Amino acid sequence: MPARRPYPSDLSDARWELIEPALSAWRFERRGRALDFGRPPEHDLREIMDAILYVDRTGVQWRYLPHDFPPWETVYGYFAKWAKEGVFAQFNGLLRELLRQKEGRNAEPSACVIDAQSVKTSTSVPASSQGTDAGKKIVGRKRSIVIDTIGLLLAVLVTAASVQDSVAGTRLLDQVAADHPGIRKVWVDGGYRQHLVEHAATLGIDMEITARTPGTRGFTPIPKRWVVERTYGWLMLHRRLARDYETLPARSEAMIHLAKSDLMARRLTGEATISRQHRLNRRFRDKRVG
């Protein structure tokens, strides 16, 4: 079969080298459990990963994958397995540690930020997993994330939009305390209630509620918390996250892990994330040079 023309979302050789060991270990372990019944693998893992990244980056439906990728049913099957078995979360953890070390930080963070974002859903999302965020007047789901102080993802929880921030925050704090015992400080906004501060204290974490300075007008970055807004902006470079299209909340979480892993891999290898602004800047630069 002739090699296909690459898409902008495809993994470069350098980025593939970062995640290939984890995927190869997954396939080896799976075949060791005889789940493939001794049959040789039919599809290349890199091609599968490129197809999943294409969906995450462009936002197309699985059925609309270009024909030069493996069959969409196969690609979706791998995505569902990897989401269920935590492969994308594993990518996120490995790449986060590498990037923190590259930037001269400890592999494990000591402080974090929690925030939530309500998003609309598509018609394919079951009504039972949706809700209404009365404050933002959004019917859909809520993405609650925990990031370190440079914007890297530590944990994510997708719920109905009606779930209170403090309820989701309690679950996330428990997860972060278990997975990252070095965390001692967390910043949140005013949507998180006092009882969450008390719960954080029982975990040995100092929680600080930050807010805008009274009387300020227009856009004013809030100290420590502006980083999480930047992280949401980074995630929106992946059109699959413009809405929530996933049937299961766990698969929405997987898409977020995948998007953040893609961004971190590009930072580790020094590759630019292609965006409309990036293309405009390059066009302007080329025009000046010409």
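Me: Is tryptophan 82 buried or exposed in this predicted model?
Reply: Buried means under 20% relative accessible area. Tryptophan 82 has a relative accessible area of 0%, so with that cut-off tryptophan 82 comes out as buried.

Me: Which tryptophan forms an edge-to-face pair with tryptophan 82?
Reply: Look for ring planes over 60 degrees apart. Here the planes are at 85°, with 5.7 Å centre to centre.

Me: What is the count of aromatic pairs?
Reply: Ring pairs link up a cluster that includes Trp62, Tyr76, Phe79 and Phe91. Trp26 and Trp82 are in that cluster too. The count of aromatic pairs comes to twelve.

Me: Over which ring does the charged end of lysine 81 sit?
Reply: The cut-off for the distance to the ring centre is within 6 Å. For lysine 81 that distance is 5.7 Å. The ring in question is that of tyrosine 78.

Me: How many residues does the largest nonpolar core have?
Reply: Met49, Ile52, Trp82 and Phe88 have the most contacts inside this core. Met49 touches Trp82 and Phe88, and also residues including Leu11 and Leu258. The largest has 50 residues.

Me: How many of the 21 residues of α8 are buried?
Reply: Helix α8 covers residues 249-269. The helix is mostly covered, and its buried residues number 17.

Methods: Residues numbered from 1 in each chain as written. Predicted model: local features only at pLDDT ≥ 70, side-chain atom pairs only at ≥ 80, totals over all residues. Heavy atoms only, no water. Core = buried A, V, L, I, M, F, W, Y, C linked by side-chain atoms within 4.5 Å. Buried < 20%, exposed > 50% of the residue type's maximum accessible area, 1.4 Å probe, protein only. Contact = heavy atoms within 4.5 Å. Helix = DSSP H or I, 4+ residues; strand = E, 2+ residues; numbered from the N terminus. Expected span 1.5 Å × (residues − 1). Phe/Tyr/Trp six-rings, centres within 6.5 Å; stacked < 30°, edge-to-face > 60°. Lys NZ or Arg CZ within 6 Å of the ring centre and 35° of its normal. Lists of a residue's contacts leave out its neighbours within four places in sequence.
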